[in-house]
Structure formats: C-alpha cells, structure tokens
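Please look over the sequence and the model shown below before reading the report that accompanies them.

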Amino acid sequence: MIQKICKTLALVAVFAASPAFALQSDSKQPIQIEADQGSLDQNNQSTTFSGNVIIKQGTLNIRAGSVTVSRNDKSEQLMKATGSPSQELDGGKGVVNGQANTVTYSSAASLVTLIGNAKVQRGGDVAEGAVITYNTKTEVYTINGSAKSGVKSAAKSGRVSVVIQPSSTQKNK
C-alpha cells in the first residue's frame, strides 16, 4: 500500500515539475502536500486530496480545494485541481501566478490547461481568457475566449485579454 501511495505521489510530482509552472531544479526538490483529507483508490489508481490542498515543491506552490491525481490503463498520468486552484512560481524572473476554476495536466499530451476564468500573471504582464493551454514540449501557449470555448472568461469582455508591459531592460540611447 505504501508503494502505491508513493507511485501516486510521484504523479503529483509530474504536475509540480511541469515546465509550464515550475523550474527544472524544482523536480529535484521534495514534494510537500497538506490537505484536510486524502484518499487512495488502488483499483482506479487515483489519489484525491481535499480541503485547502497545498502542494509545495521548490519554488512552486499550488493551492486548490481538491486535487485528484490518477493514471489510466496506458500509464498516462492525469491531474485535475478544482476549487479555484492557483499556483505561484518564483523563478528568479519574477513571480508567476496562474489561476482558474479548474487546472488539468496530461503527461501523455504534455498539456497544462487552465479552464474557466483563466489568468496568468507575471509582474504587470497579464493573460486572461476562458481557457489557457500550455504545451510543455513545444512551449506554446494558446488562449481562448468564451465564444470559442463556451467557458466563462476571466476577461470582462469574454474575449482574450493580454497586457504586456514595456521591457525594463531596454536602454535609451
């Protein structure tokens, strides 16, 4: 049973170590999980943590109402965080905050998806939409508004909203 729990916690590590929201060095750090409750379903190869879930690994902090980590029959790892999940990463280039109604991660597809009122922010740069998808292999972000996704957008207009601040590293000549 302990071995199964360790395997399931390793699934959490995959999400926590995802390049979209963590530094590579974070994957070598221990994972700390706090929750009001945790349950393991060995038959379905899933673990659910609920009630003020806090996952920490290195510079990464994830907070959610509930986190379910599972593995399907193809050994693909899946993670779903609900209850207004948010994550914070301090990677030396400024703190990155991401939040949505639901966050999913699929190891097979290499996709992190923020669904419903999705927002990613670093400093003054902000991206908002109904769905924000990040491919961890190609490092490509896609942002969809409400009309395309059918999900509520964080942007008031329901469209995609992006604010990019001017580079502070440029020098006036």
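**Overall architecture**

This is a predicted model, and its protein chain holds two helices and twelve strands. In sequence order these elements follow the pattern α-β-β-β-β-β-β-β-β-β-β-β-α-β. Of the 173 residues in the protein chain, 35% are buried, and the accessible surface of the chain comes to about 10,100 Å², with 47% of that area belonging to carbon and sulfur atoms. Among the contacts in the chain with a separation of 6 or more, 40% are made by residues 24 or more positions apart.

In soluble globular proteins, nonpolar side chains tend to be buried together. The largest nonpolar core of this model has 19 residues, of which Val67, Met79, Ala81, Val103 and Leu114 touch the most other members. Two or more residues are given to this core by each of strand 3 (46–57), strand 4 (60–71), strand 5 (77–82), strand 8 and strand 9. Strand 4 supplies the largest share of the core, five residues.

Leaving aside neighbours within four places in sequence, Ser110 is in contact with Tyr134, Asn135, Thr136 and Lys137. Ser110 and Gln77 are 33 residues apart along the chain, and their C-alpha atoms are separated by 9.9 Å.

Thr113 also has its place in strand 9, and at 14% relative accessibility it counts as buried, since the cut-off for that class is under 20%. When residues up to four places away in sequence are not counted, Thr113 touches Thr102, Val103, Thr104, Val131, Ile132 and Thr133. One of these contacts, Val103, is among the core residues that touch the most other members.

**The aromatic pair**

The count of aromatic pairs in the model comes to one. This pair is formed by Tyr134 and Tyr141, with 4.3 Å from centre to centre and 40° between the planes, an arrangement classed as tilted. The two partners fall into separate accessibility classes: Tyr134 is buried, with a relative accessible area of 6%, while Tyr141 counts as partly exposed at 43%. Tyr134 is also one of the residues in contact with Ser110.

**Surface features**

Which residues make up the nonpolar surface patch of about 280 Å²? The patch is made by Val160, Val162 and Ile164. Val162 lies in strand 12 (residues 161–163) and counts as partly exposed, at 46% relative accessibility.

Lys148 is found in helix 2 (residues 146–149) and, with a relative accessibility of 70%, counts as exposed because the cut-off for that class is over 50%. Lys148 and Val131 are 17 residues apart in sequence, and the distance between their C-alpha atoms is 9.4 Å. Val131 is also one of the residues touched by Thr113.

**Accessibility of selected residues**

The table collects the accessibility values discussed above.

| Residue | Relative accessible area | Class |
|---|---|---|
| Tyr134 | 6% | buried |
| Thr113 | 14% | buried |
| Tyr141 | 43% | partly exposed |
| Val162 | 46% | partly exposed |
| Lys148 | 70% | exposed |

Key: Residues numbered from 1 in each chain as written. Predicted model: local features only at pLDDT ≥ 70, side-chain atom pairs only at ≥ 80, totals over all residues. Heavy atoms only, no water. Phe/Tyr/Trp six-rings, centres within 6.5 Å; stacked < 30°, edge-to-face > 60°. Buried < 20%, exposed > 50% of the residue type's maximum accessible area, 1.4 Å probe, protein only. Patch = residues over 30% accessible without salt bridge, like charges linked within 9 Å, V, L, I, M, F, W, Y side chains within 5 Å. Areas by Shrake-Rupley, 256 points an atom, 1.4 Å probe, with all protein chains shown as cover. Salt bridge = Lys/Arg side-chain N within 4 Å of Asp/Glu carboxyl O. Helix = DSSP H or I, 4+ residues; strand = E, 2+ residues; numbered from the N terminus. Core = buried A, V, L, I, M, F, W, Y, C linked by side-chain atoms within 4.5 Å. Contact = heavy atoms within 4.5 Å.
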